[in-house]
Amino acid sequence: MSVKAVPFVGTKEQEEALKAAIAELKDQPGSLMPVMQKAQDIYGYLPIEVQTMISDEMNVPIEKIYGIATFYAQFALTPKGKHQVSVCLGTACYVKGSQLILDEISKQLGIDEGGCTEDRNFSLASCRCVGACGLAPVMLVDDDVYSQMTPGRVEEVLAKYA
């Protein structure tokens with residue numbers, strides 16, 4: 001399965017908010033990071049379209065913006081879904097079949113790990129340990145923990161958030 005790019009959807013209001021933030025901050029020393037943080041607050045992530053707006057408005061090379069966006073973990077280049085789905089791949093969960101659960105979620109949502117559904121309802125990730133080894137394998141949706149998961153239960157769990 002390949003990662004499909006989720007199309008950029010920005011509103012005029014978001015663009016105006018970003019331009020206002022840039023106008024307010026751009027003459028201050030060290031303003032690039034705060035502008036990028038504000039842009040991520042406005043859009044939820046930093047797609048190339050937003051990076052380009054920042055580059056154009058602040059007269060900063062796009063390469064510098066991209067470098068910062070990819071260096072710092074606080075920035076995301078892809079959108080996050082309304083619901084964050086995660087599967088623990090820590091040792092206890094993995095031994096009990098969590099990779100099969102991750103594969104089933106990926107198949108049902110039509111996205112790879114790190115992806116977001118086109119309707120932006122779900123994002124999919126894995127994590128290394130959630131500290132619930134006695135409940136393995138574990139799947140999380142937002143702050144809800146689903147223990148002793150099986151691939152057969154994935155559809156039922158996701159339906160609660162559809």
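Modeller: Two residues are in contact, as the word is used here, when heavy atoms lie within 4.5 Å. This is a predicted model, in which local features need pLDDT of at least 70 and side-chain atom pairs count only at pLDDT 80 or more, while totals for chains, interfaces and linings use all residues. Residues are numbered from 1 along each chain as its sequence is written, and side-chain values use heavy atoms, with hydrogens and water left out.

Biologist: Is Val 85 buried or exposed?

Modeller: Buried means under 20% relative accessible area, exposed over 50%, and partly exposed in between (1.4 Å probe, protein chains only). Val 85 counts as buried because its relative accessibility is 1%. Leaving aside neighbours within four places in sequence, its contacts include Ile 105, Phe 122, Met 139 and Leu 158.

Biologist: In which strand is Val 85 found, and what is the order of the sheet?

Modeller: Strands (E, at least two residues) and helices (H or I, at least four) are DSSP runs numbered from the N terminus, and two strands pair if DSSP finds at least two bridges between them. Val 85 is found in S1, residues 83-88, and the open sheet of four strands runs S2-S1-S3-S4 with mixed pairing. Strands S2 and S4 stand at the edges, each with a single partner strand, so one side of each lacks a neighbour in the sheet.

Biologist: Which peptide bond is cis, and where does Pro 137 lie?

Modeller: Most peptide bonds are trans. Here a cis bond joins Ala 136 and Pro 137, with omega about -5 degrees, and Pro 137 lies in the loop between S2 and S3.
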